[in-house]
Amino acid sequence: MLEEQRLPLEQEQLDAAPFEAKLEIATLGPLTMTRVSEGPLRSEATPSAIRRLGDEGCISVGFTLAGITKVQQRDRATAQRQGDLVVIEHQPTVMTTSPGNQSLYLKMPRERLESALGPARHYAALTIGSELATATLAMSFFVELSRMHHQLDPATAVRMGSIGVDLIVASIAERMARDVPLPLSDSVLVQRAKAHVEANLGDPTLDPPQVAAALGVSLHRLRDLFRTHGQHVSDWIWQRRLEVAADRLADPACAHITVGTLAGGCGFSSRTHFSRRFKDRFGLAPGEFRHAVGLAGH
């Protein structure tokens, strides 16, 4: 069961004590949560085991709740302590856990992260530390969700899982935006630019010159980089703002937030500007969109 829910693993106990472990598993639509308590283990995801599982379309995110978790993947080796999170690709991996380790693993469609953050290989096995408020918020959210999911109806549980994944995306984006961009390939620069956008969508002053300055490149180069990917920087900013706004309009947890407040939180300077762009993108005014997804009256 652990092999199916976390990673395809070959495991070796690292001490002589009687082995004890506890698994708690919940499925929330496309998201699977696995809470694990275990002793010191070395776990290896080998190429043959990965092929056997055939799970290339998924990716895992691990929260360390107690103890230390070490992850080696591709050319990166990192350690996560209490409160840290890490993205784990379904690629050859070695993980070790300390005595008394407790972790919460989330398995989700790979596209869920990559659509916002770019290829996972650039942030897999990167420690997203508990010093980031977004990481702490994401972990607290999923810890509570793992305790309370059975009290939620299936549709609500799926929506809550989606909200939690948005918190994870924000955490990764904030972590990546802090890295010094020197020297980086063109594709990684584009990814860093998108991470900066993701972490600052609520800033109404966010624009291509600000993104270029954050990356330490000229505006001309930034535009050329996006152009080679068939995109424009400004279009990407507005696209992400509108997509996040649509997600929030459809989210029952945001139903009490007025359209104007929601627009401001997505970086729009006025409700009129937001309504015009939203209708151009989705074919409905924001209030009509909210009504259409079943949140009428809010």
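1. Ala255 is placed in the loop that lies between α9 (233-249) and α10 (259-265). The model under discussion is a predicted one. With a relative accessibility of 7%, Ala255 counts as buried, because the cut-off for that class is under 20%. The C-alpha atom of Ala255 is separated by 8.5 Å from that of Arg290, a residue 35 positions away along the chain.

2. The five-stranded sheet. An open sheet is formed by five strands in the order β1-β4-β9-β6-β7, with antiparallel pairing. Its edges are taken by β1 (10-13) and β7 (76-80), each of which has a single partner strand, so one side of each is left without a neighbour in the sheet. On average, and with direction ignored, neighbouring strands of this sheet are turned by 15° against each other.

3. The β6-β7 pair. Strand β6 (residues 69-73) runs antiparallel to β7, and five bridges join the two. Within this region, Gln72 stands opposite Ala77 of β7.

4. The six-stranded sheet. Six strands make up another open sheet, whose order is β2-β3-β10-β5-β8-β11 and whose pairing is antiparallel. Here β2 and β11 (127-128) are the edge strands; each has a single partner strand, and therefore one side of each lacks a neighbour in the sheet.

5. The β2-β3 hairpin. Strand β2 (residues 21-28) pairs with strand β3 (residues 31-38) in the antiparallel sense, over eight bridges. Ala21 has Glu38 in β3 as its bridge partner. Two residues lie between the strands of this hairpin, and Gly29 takes a positive phi near 60°.

6. The β8-β11 pair. The bridge partner of Val86 in β11 is Thr127.

7. Helix α4 on the sheet. Helix α4 lies across β2, β3, β5 (58-66), β8, β10 (101-109) and β11. Relative to β3, α4 runs at about 90°.

8. Packing of α4 with α5. Two packed helices are described by the angle between their axes and the distance between the axes. For helix α4 (residues 133-148) and helix α5 (residues 154-178), the axes come within 8 Å and cross at roughly 155°. That angle makes α4 roughly antiparallel to α5. The crossing in which α4 passes α5 is left-handed. On the α4 side, the contact involves Thr134, Ala135, Leu137, Ala138, Phe141, Phe142 and Leu145. The α5 residues that these meet include Met160, Gly161, Ile163, Gly164, Leu167, Ile168, Ser171 and Glu174. Divided by class, the contact of α4 with α5 has 12 nonpolar, four polar and one charged residues.

9. Packing of α3 with α5. The axes of helix α3 (residues 110-117) and α5 come within 10 Å and cross at roughly 45°. Helix α3 is therefore oblique to α5, and the crossing of the two is right-handed. Arg112, Leu113, Ala116 and Leu117 in α3 meet Ser162, Val165, Asp166, Ile168, Val169, Ile172 and Ala173 in α5. By class, the contact of α3 with α5 comprises eight nonpolar, one polar and two charged residues.

Methods
Residues are numbered from 1 along each chain as its sequence is written. This is a predicted model: local features need pLDDT of at least 70, side-chain atom pairs count only at pLDDT 80 or more; totals for chains, interfaces and linings use all residues. Side-chain values use heavy atoms; hydrogens and water are left out. Axes are lines fitted to C-alpha atoms, for helices over the stretch in contact, and angles run from 0 to 180 degrees between N-to-C directions. Helices (H or I, at least four residues) and strands (E, at least two) are DSSP runs, numbered from the N terminus. Angles under 35 degrees count as roughly parallel, over 145 as roughly antiparallel, 65 to 115 as roughly perpendicular and the rest as oblique. A crossing is left-handed if the near helix is turned anticlockwise from the far one by less than a right angle, and right-handed if clockwise. Contact means heavy atoms within 4.5 Å. Ala, Val, Leu, Ile, Met, Phe, Trp, Tyr, Cys and Pro count as nonpolar, Asp, Glu, Lys and Arg as charged, and the others, Gly among them, as polar. Two strands pair if DSSP finds at least two bridges between them. Buried means under 20% relative accessible area, exposed over 50%, partly exposed in between (1.4 Å probe, protein chains only).
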